[in-house]
Amino acid sequence: MRRKCRIWWPKQALSRDTSSFYVLFGWFVSSSPESVDVVVAFASPEASLPGDHSQLLGDLQSTRASMPLSLQDETTFCALGLISADSNDNLPHPTVPTNDEQASFNSRYNNYQNGEDTFEEKRSGHSCNCDVTDWVLKYSLSLGDCKWIMLVYDSQDDFRCDTYLMPKLHHIHWNGEVLSNCDVQVILYEVPRFGVYHLLPSFLSCSEQVLTSSRKPNWLHELYHKKPLIDLGMTIHAINCAAAAKLVFHRNVSSKRYLKILRPAAFLLASCSAFLYILLQLFHGILDCVSHWRFSAMLSKVFCATRRSISIRCSQFLYWPIYLGDVNFRSRSCVEYAEKAALQRHSIWTNMIVDMLLGNAIGLALLINGEAVRHWVFVVVNNLTNYLLRSGCVWLMGVPAGFKLNTELATVLGMICLNTIQIWSTLWFFLGFLFEHILQGLVMLGMVFGITTAAAFIKDLIELAALHVSALQRILSFIYSWQIQSIAFLWRLFRGQKWNPLRQRLDNYDYTVEQHIVGSLLFTSLLLLLPTTSVFYIFFSLVSASISVLFILIEFIMAVVHATPYLKVLLWIVSPRRFPSGIWFKVISSRNHHLSRLNDSGHISKNSKSSGRSSNVRDADGSFSVLVSQLHSNCSTFRDIVMPHYRHAFAGVSPSFFASAARGLLIGRRFPTTLGVSFSAELPWYSISAKEYWRLCYNSIVYHGEGAQHSCC
């Protein structure tokens, strides 16, 4: 089978200068025995490299050690080969080695690996007559991967890329063989850089979308599960590490001027963080002291949503230097890993800032319009109490919607409800002077802890204000469910059946005549009283369900504020290329080259004219195709960025939430007041000295700043 070679060439390495040799560094990635991917990370002039072989070997080993482990397990960073001008005077054509020459080279290669040969003889002794220096050859062979590539700049070639000369394969040493007529694809790519863009070989959202839909045909599911013919995952992974490899190899260091600006800023920010840390520790200590009081435990239960929101915000503040302090270079060597790690680190404080900005905006609006808010709240509460609850109870005590109810039972239930509403309204009337303080506390919570904490406080206040409605609904639901269960039991009595709780089934049972008589009297009374109980239960259940829907709406807003990736959205607007969703190739040139047979001297004569036919056509005397393409990356959409976060936040919400809640109301269950969304994890509280916390904040900022400067070089 004909060999295939894909050369991934960085655009930054394109050159107009063909006067000097360049040494290529990168990775050989073998996707199959018949094909190889040559990923060129960078090209260095031969004169700029150190002449000492041990020094070069140490630089390459340190570069290899800084690469991700997943890349080290599959391939090795090494010297790939050379590139020079295409001149017959200084670069001879490759020759096909004889059997004796091939056996001699393999023997020398094995001896060198075993330490029996120093390989000090000149490279000109090899069958291809390449003029390669000894130390490059030694390193390439010491890796155990016997590959070496020779590229040329053909100044006579009619193809150029923006006046730059394109590299062209002259020959390649492939496991002891010298090949020059393999199918070649030169792929130009832009070196991924942190903060600019990176590559992603596949887009998982497409397959997930197909898998979640049950109306797609089976062949489409099989298509997404089918393994691709060419696995470019490791190749794209190596391309994402090209910038870091060049950075480590050339020993670039951070700018001293940058550090002079960074350290004072880190000192100031660490001091402010330490001051807030001291305040939080004092506040937490006071709460621990009063937590044993019965009144404090009651307040903790009443304002449970507010307490949880404050605890999440405080834990996020305490742990931010720990999230920021991960500056391991191995995680930054791959641009894809560095981007994901940076987004994960910075998403916490960006969410905190957006949350607090929204809280300050709402707080300022409440302070400016405090009197209008107070008037609106009293009007709403008065209308709900007088025109909804009281009028509704009076209406139910009469003939609601033409239904004839039991007058005595309706009067008793109506008076109980009216008295409860009156007592609770009177209590809140005397506590009306606290409204100004409650409004100020709401504003303070919104400005200090963010809009989510203010929303949680509003939810707790509404639940406390509607406590009488919840209590009446629970009492009526208990009476209603008890009646339903009693009627069902008496109905089974008439049918001669009894419920077996151990086996969870209905068994036949013989009841006595007295039991049938008593059951008939009870069944008739409960069945006739059921409409009266039902209308009161339905009325207060609808009111309680409306309040629960308001709680669910507040929880939904809090979940959206917590789950929205504000940093990703902002970066997506500024630079969409930082969020790739797959790759595609733009074909620039496709040509066929024909090879004549070997002459007597063993050299291969070359015809560089293009045949003008498709690259898939091969002549009987031998031909190889040359395809030049450019690598591009697709960009993710707004939905692709935010939907994974929303899907994770609402993963615990059942699709049949409202349907199951409506069915629960029919059998006397309470409408749920929460969706079950997952907020940020509440981390455990930790306590260290203020000096240690300041040092932790300072080191995190400095190390992260140095790492960011190091990644941008």
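User: How far apart are the end C-alpha atoms of residues 438–458?

Analyst: Heads-up: this is a predicted model, where local features need pLDDT of at least 70, side-chain atom pairs count only at pLDDT 80 or more, and totals for chains, interfaces and linings use all residues. Residues are numbered from 1 along each chain as its sequence is written, and side-chain values use heavy atoms, leaving out hydrogens and water. Residues 438–458 are 95% helix and 0% strand (helices, H or I with at least four residues, and strands, E with at least two, are DSSP runs numbered from the N terminus). The end C-alpha atoms of that stretch are separated by 10 Å.

User: What does the UniProt annotation call residues 478–495?

Analyst: These residues are 94% helix and 0% strand, with end C-alpha atoms 26 Å apart. They are among the spans listed in an unreviewed UniProt entry, whose positions follow the numbering used here, with shortened feature names and annotations that may be inferred rather than shown by experiment. The label in that record is "transmembrane region".

User: How many helices and strands does the chain have?

Analyst: The chain runs to 713 residues, and 43% of them are buried (under 20% relative accessible area with a 1.4 Å probe, counting protein chains only; over 50% is exposed, in between is partly exposed). As for its elements, the count is 23 helices and 15 strands.

User: Why does the pair of tryptophan 572 and phenylalanine 638 count as tilted?

Analyst: The whole structure has 20 aromatic pairs, meaning rings of Phe, Tyr and Trp (its six-membered ring) with centres within 6.5 Å; planes under 30 degrees apart are stacked, over 60 edge-to-face and the rest tilted. Here the centres are 5.9 Å apart and the planes sit at 55°, so the pair is tilted.

User: How many residues apart in sequence are the parts that this pair ties together?

Analyst: Tryptophan 572 is partly exposed at 23% relative accessible area, and phenylalanine 638 is partly exposed at 41%. Tryptophan 572 belongs to helix H20 (residues 566–574) and phenylalanine 638 to helix H21 (residues 638–649), so the parts they tie together have a sequence separation of 66 residues.

User: Which ring does the charged end of arginine 577 sit over?

Analyst: A charge sits over a ring if NZ of Lys or CZ of Arg is within 6 Å of the ring centre and within 35 degrees of the ring normal. For arginine 577 the distance to the centre is 4.2 Å, and the ring belongs to tyrosine 197.

User: Is serine 44 buried or exposed?

Analyst: Serine 44 is part of strand S3 (residues 35–45). Leaving aside neighbours within four places in sequence, its contacts (heavy atoms within 4.5 Å) include Phe21, Phe25 and His250. With a relative accessible area of 2%, serine 44 is buried.
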